[in-house]
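Hi,

Here's the structure I promised to pass on. Have a look at it first, then read my notes below.

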Amino acid sequence: MPGTSAGAQQNLGVSPPSSTEDHHDNTSCEPNTTHHQKTGNGYMKSRTGHENGPRINELPVPVSDLTVQYTQLFIDNEWQRSCSGRTIPVQNPATGELLCEVEEADTEDIDKAVRSARAAFQLGSPWRSMNASDRGHLLNRLADLVERDRLLLATLESLDSGKVFLVSYFVDLKATIQTLRYYGGWADKIHGKTIPVDGEYFTYTRHEPIGVCGQIIPWNFPLMMFAWKIAPALSCGNTVVIKPAEQTPLSALHLAALIKEAGFPAGVVNVVPGYGPTAGSAIAHHMDIDKVAFTGSTEVGKLVQRAAGDSNLKRVTLELGGKNPNIVFADCDLDYAVEQAHSGLFFNQGQCCIAGSRVYVEDPIYEDFVRRSVAKAKSRVLGNPLLPGVDQGPQIDKKQFDKIMALIESGKREGATLECGGSAWAQDGLFIQPTIFSNVTDDMRIAKEEIFGPVQQILRFHGVDEVIRRANATHYGLAAGVFTSNIDRALRVSSALQAGMVWVNCYNAMNVQCPFGGFKMSGNGRELGKYALQEYTEVKAVTIKIPQKNS
């Protein structure tokens, strides 16, 4: 294993915070009938009632007495202190506790990381001369190491992001491993074509790596976004300078250690935690970065694209915000639609760019849908995200908490009906009650702005043409959902919606094989699937004069 950062180890207890350990959502009326018994292997036995007798499943549990090992910048396969000497405090949003401090990358550090990545990309370097299949082997070896450290990484992810631990383990870590393996499989299958041009020529194309890629990832899915960015870039043979969000750098730094352990050559991946206005801006403006990929807000995405144009016109892919319509027709399976709309909004504390935050419900079932949705929201359990049985953790930080609360207040002022929630939960931490507004109209702020929190807006509609027009009346175009038992209607509506992803009779059905990205101000380019490889390659046409052509 690579050496840890000097003086960086810090023991972190994972016992529940005293302010929330015994709290459940005060609107919850369902008793918790699941009994848990700790085994000794990092898992917990879960015994639930079953018609044929008790059934025991093993659930993972967080790593206790966790020590943060890596807090320095990772440049050229070495741990380094920042040039400025400044550090970033990393906090647990569930408690406000300081977890540790990590080195803060600034412009000078970004320059060092770019020089390292550029050297690793030079012709004849170990990385450039490596067999494509060997790049795939390295990605698969990295996936093996992530699997080995899955409990530790899921614990880190929950500590600094407030994400529910079981979600970290079963969703984020699973997706991270799948992404690494998927693009490991692509590494030796990226190739050009021969083209039968006119004349005595032999023409073929090469799909070549772009070069040094700057990547800026958000705080809501830190580890998964890390894999989404580096895996296709490395599969194509690029080198990377990646900046994790300042709120959630811990899993990215641990993954950097695994990258070195897996055997990636020095300089291929450089991990530089820092703030957006400094480190992020330095990446976007850098004259020796060939491509930048950014996931985050539309506002910052515009700055990234402008910086690319003002500097060296580097390639840009952007995965930005969404105000996604989820359309529920009267002929749907109502209970299932309520469940899917609920998870499609409240998943990850509502901090999800594809959240179905505008739920359009057809008039005949509107009142019933609202009633069932409110009951579902009131059953959610809030508390320490490390504990079993908790459905919802805190928001990421005070800035995001305040933004959500301000939008909730705007909904109250503008005349929407507050069905449940609408307030902070518990005295400590950054928890917000699951909130539902009904009788929402399209002109309200909560129907137009991305809230990025546990706030569901339910709007009424009367016809197909009307709901298509209203659903498309937004600057965003990331995702959409349609619930109906009529296949003709499903095809018509999904074709008419201006969104990069449309789910029919499901929501948030994500797969690594399927492209991810949006229309309009939700960004440009695609992540995941084969389509992501196009974002990390340049197509070169080579034409050779030959004495005679044969078919």
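Among contacts in the protein between residues at least 6 apart in sequence, what percentage join residues at least 24 apart? It's 73%, where a contact means heavy atoms within 4.5 Å.

Before going on: this is a predicted model, where local features need pLDDT of at least 70 and side-chain atom pairs count only at pLDDT 80 or more, while totals for chains, interfaces and linings use all residues. Residues are numbered from 1 along each chain as its sequence is written, and side-chain values use heavy atoms, with hydrogens and water left out.

The protein has 15 helices and 27 strands (DSSP runs numbered from the N terminus: helices are H or I with at least four residues, strands E with at least two). Of its 551 residues, 56% are buried, meaning under 20% relative accessible area with a 1.4 Å probe, counting protein chains only.

Now for a sheet. Strands β10, β11 and β27 line up in that order as an open, antiparallel sheet (two strands pair if DSSP finds at least two bridges between them). Its edges are β10 (194-195) and β27 (537-545), each pairing on one side only. Nine bridges link β11 (residues 201-209) with β27, and Pro-209 sits opposite Thr-537 of β27.

Finally, two helices: α3 (residues 150-161) packs on α4 (residues 165-186) at about 120 degrees, with axes 9 Å apart (axes are lines fitted to C-alpha atoms over the stretch in contact, and angles run from 0 to 180 degrees between N-to-C directions). So α3 is oblique to α4, as angles under 35 degrees count as roughly parallel, over 145 as roughly antiparallel, 65 to 115 as roughly perpendicular and the rest as oblique. Residues making the contact include Leu-151 of α3 and Phe-165 of α4.

Cheers

Terms used: Buried means under 20% relative accessible area, exposed over 50%, partly exposed in between (1.4 Å probe, protein chains only).
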